[in-house]
Amino acid sequence: MVLQSSFKSCLPLSCLLRTPRAGFGGTASGGLIIQSLSNDVYQNLAVEDWIHDHMNLENRQVLFLWRNSPAVVIGRHQNPWQECNLQLMRQKNIKLARRRSGGGTVYHDLGNINLTFFTTRKKYERMENLKLVVKALKALRPQLNIHVTDRYDILLDGQYKISGTAAKLGRTTAYHHCTLLCNANKFVLSSVLKSPYKGLKSNATPSVRASVKNLFEEDPSLTCEMLLDAIAEEYATQHRIDHPITLINPTDETVLPGINDKSKELQTWEWVYGKTPKFSVSTCFNMIYKDSVLDVKVDMDIKHGRIEACDIDLPQQWLPPALCSELVKSLTGSKFCPYETTALSSTLLRTCPQDYELHSKWNLLCENMTMLM
Amino acid sequence: SKYACVFDKSAFNFSHQQRLFRTSAVSRGQIVQFKLSDIGEGITEVTVKEWYIKEGDSVSQFDSICEVQSDKASVTITSRYDGIIRKLHYNLDEIAYVGKPLVDIEIDASKGVAPEEDVVETPAMSHEEHTHQEIKGHKTLATPAVRRLAMENNIKLSEVIGTGKDNRILKEDILNFLAKQTGAILPPSPKAEIIAPLSKSETVPTAPKDKARKIPIPVSRPIVFSGKDKTEPITGFHKAMVKTMSAALKIPHFGYCDEIDLTHLVQLREELKPLAQSRGIKLSFMPFFIKAASLGLLQYPILNASLDESCQNVTYKASHNIGVAMDTEQGLIVPNVKNVQVSSIFEIASELNRLQALGSAGQLGTNDLTGGTFTLSNIGTIGGTYAKAVILPPEVAIGALGKIQVLPRFNGKGEVFKAQIMNVSWSADHRIIDGATMARFSNLWKSYLENPASMLLDLK
């Protein structure tokens with residue numbers, strides 16, 4: 001059965017989703033393909049959460065297609081400081097998201113497509129899904145030299161990674177999602193996925209770096225749309241789906257009740273940064289003040305994204321010891337966040353002696369501290 | 001029934017509302033070793049990444065116990081039983097084995113052990129209205145114990161509001177629902193009624209308890225409130241604010257309030273708004289308030305000063321770095337507009353736009369947050385008329401602006417007209433600022449705003 005891939009359902013969703021049988025979609029059994037109308041990484045991750053928590057997948061399998069505007073997505077148990085260049089991301093306005101599935105860090109932009117395969121826990125089978133993707137791509141471009149590795153990556157020409165995989169298993173449902181590089185910005189990708197951090201010790205899941213390539217480089221006639229259609233068509237064939245792809249708006253509460261709360265949760269500091277497993281930082285930096293260079297040594301333990309313990313080793317008497325210990329005391333318990341640190345250090349200045357030199361030294365030290373975050 | 005759970009009916013005697021239904025006391029329950037179930041794909045070992053519970057916590061069936069990871073898959077392990085966690089078999093980052101015990105759970109003795117196979121959430125039941133599984137495509141979360149309780153009392157789960165995690169329906173929710181249905185108070189048990197008549201026919205002085213039993217006074221219905229106090233440490237920025245405000249307390253504040261007629265200013269702003277918009281800037285009233293304050297500070301520089309710690313010296317600050325209080329995610333932050341004394345109103349508006357954008361993103365920098373010399377707080381955008389603002393050290397004055405209200409006022413001819421009125425409340429450090437200075441500054445500031453054309457004469 002061939003899916004009319006050129007026709008996507010743009011009908012108001014109500015007529016497709018409001019059926020007498022409870023649940024999402026036109027039929028209560030069989031396959032369903034949905035595509036997101038949004039490019040917001042948090043909204044799209046929220047859709048995954050929603051389907052995982054609320055949909056009854058006993059007799060149903062769902063394929064979710066989505067793309068995001070520039071964002072770095074880290075795995076559930078990873079450390080963003082270790083995985084990416086946070087400062088660069090802030091400068092370039094690239095969002096940071098933490099997904100609920102495991103695995104490593106990836107860079108998303110509109111040249112990358114994301115596929116999520118939802119099934120019951122019992123029918124969770126990653127290899128099958130990836131074989132489906134390879135089959136679809138080969139049907140589109142038979143000359144592509146692609147294969148699935150035993151680490152669930154898809155490699156091009158035996159060496160370049162074009163797809164990475166991660167999965168989430170719940171009590172009754174599971175999902176497997178993967179990326180697919182069509183035409184992503186490789187330059188930005190490699191610069192943001194390189195952490196400048198030294199002296200970080202952690203048990204967080206590390207990413208395994210790989211050389212990547214875009215399918216577009218192999219065949220410039222390929223577009224994301226074509227890849228999405230090819231994969232959707234293969235899925236529809238294998239699951240005997242005869243209705244078109246359902247477009248969904250991930251902010252529509254009538255279709256996805258409670259979805260906006262899910263997106264909001266994914267954006268909270270507590271989720272994105274606070275879920276980082278315990279880690280420690282042991283580093284030193286130089287500060288140039290007037291004509292001298294100062295060595296500063298910093299040791300910090302961070303738990304739930306907050307500074308649990310902090311030690312700053314400064315040259316003797318450069319700053320009054322009382323002030324230094326005031327800074328350490330204030331940082332303890334505070335978020336390991338440059339903005340929080342700036343706000344608290346600026347506020348502390350109000351109750352310090354009003355001395356220009358003292359203030360300059362304090363600001364210099366605090367600015368260097370925020371660079372660590 | 002499909003369920004093997006056994007219920008002790010006496011547990012649901014409603015005259016004993018306060019009884020706890022969790023395994024809080026009495027008999028020691030049976031300890032069950034909850035094993036790590038099959039993950040699929042032939043996986044035999046996983047790493048424990050996060051514990052959601054600790055030893056001593058009580059759990060319900062389907063509550064999340066921990067998160068484990070195996071080869072790019074993150075798995076949420078949920079409890080099969082209701083009970084209390086007695087032992088965690090692994091620490092964080094340790095390897096856990098499929099088929100081996102993960103946690104030990106003490107099960108309530110009166111309940112028995114739930115069936116071994118996974119309880120599927122959508123069973124084919126004949127009592128469909130009692131186990132109403134799907135509400136608008138949702139699964140109603142409730143343990144089999146709770147479902148049975150609902151069924152026994154002819155309650156539709158869809159009508160009960162769940163207060164548990166993920167809107168799960170708890171036993172307490174069913175009881176609340178029942179309490180509402182049966183009326184304000186529940187009638188006394190039959191036993192009590194039999195005893196009461198005996199006490200009437202005697203010469204024995206009536207014991208106080210008999211009197212109490214005679215009168216079932218309708219009191220407010222028993223509220224089953226399961227909220228708990230929550231204590232958190234004060235950290236980071238808030239800790240710094242505590243220090244600042246405690247220091248501010250040492251400053252002897254005096255207040256001075258007045259009313260400003262902004263009718264002309266409102267009109268002027270309406271005229272200038274489109275012009276500012278064409279230059280890409282949003283023009284509010286604040287730039288006018290800030291510039292007028294700076295003009296006033298030129299005449300009364302003591303308000304832009306700082307007193308040293310020992311109160312021996314006053315430093316008159318050359319720059320007018322006027323702080324604007326902002327309500328952000330982090331709390332009350334006060335960035336300042338630098339050198340207002342040499343800035344035009346448009347430049348001030350432009351700076352404010354920049355600071356507001358950074359403030360709402362919680363991303364203000366050190367330079368923007370330090371060096372302020374005088375502060376205005378526009379609390380009126382939220383509401384209020386008069387306020388008593390607290391001076392932010394090391395400054396010596398602060399102004400709080402109330403909301404602009406349309407009020408009737410008399411003009412020079414004795415006629416009533418519509419005026420746009422805003423109240424200002426100044427606070428100043430009485431150690432170096434006296435009432436007269438504050439009043440004169442306020443009058444000058446007021447005159448600039450009530451008659452904006454007069455600002456042109458003194459603009460630098």
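**Where the two chains meet**

Guide: To begin, 50 residues of chain B are in contact with 56 residues of chain A, contact meaning heavy atoms within 4.5 Å. This is a predicted model, in which local features need pLDDT of at least 70 and side-chain atom pairs count only at pLDDT 80 or more, while totals for chains, interfaces and linings use all residues. Residues are numbered from 1 along each chain as its sequence is written, chains are lettered from A and ligands numbered from 1 in the order in which they are written, and side-chain values use heavy atoms, with hydrogens and water left out.

Visitor: How much area do chain B and chain A bury between them?
Guide: About 4500 Å², with 47% of it on carbon and sulfur atoms. Buried area is the accessible area (1.4 Å probe) that two parts lose on being put together, summed over both.

Visitor: And how many salt bridges are there between chain B and chain A?
Guide: Seven. A salt bridge is a side-chain nitrogen of Lys or Arg within 4 Å of a carboxyl oxygen of Asp or Glu. Over all chains the count comes to 34.

Visitor: Which residue does B:Glu67 meet in a salt bridge?
Guide: The partner of B:Glu67 is A:Lys168, at 3.1 Å from N to O. B:Glu67 lies in strand β4 of chain B and A:Lys168 in strand β10 of chain A, so the pair joins two chains. Helices (H or I, at least four residues) and strands (E, at least two) are DSSP runs, numbered from the N terminus. A:Arg126 also forms a salt bridge, with B:Asp71, and there the closest N and O atoms are 3.9 Å apart.

Visitor: Which elements of chain B give two or more residues to the side that touches chain A?
Guide: They are β2 (45-51), β4 (64-70), β5 (73-78), β10 (138-139), α5 (236-248) and α9 (366-369). Of these, α5(B) gives the most, with eight residues.

Visitor: Which strand of chain A pairs with β5(B)?
Guide: Strand β10 (residues 165-169) of chain A pairs with β5(B) in the parallel sense over three bridges; strands pair if DSSP finds at least two bridges between them. Within this pairing, A:Ala167 stands opposite B:Ala73.

Visitor: Changing topic, what does UniProt place at residues 31-106 of chain B?
Guide: The unreviewed UniProt entry places the feature "domain: Lipoyl-binding" there. The span is 0% helix and 55% strand, and its end C-alpha atoms lie 4 Å apart.

Visitor: And at residues 57-243 of chain A?
Guide: UniProt, again in an unreviewed entry, gives "domain: BPL/LPL catalytic". That span is 28% helix and 29% strand, with its end C-alpha atoms 18 Å apart.

Visitor: Last one: where is the cis peptide bond with omega of about 5 degrees?
Guide: That bond joins B:Pro393 and B:Pro394. B:Pro394 lies in the loop between β18 (374-377) and β19 (397-401) of chain B.

Technical notes. UniProt positions are given in the numbering used here, feature names are shortened, and annotations may be inferred rather than shown by experiment.
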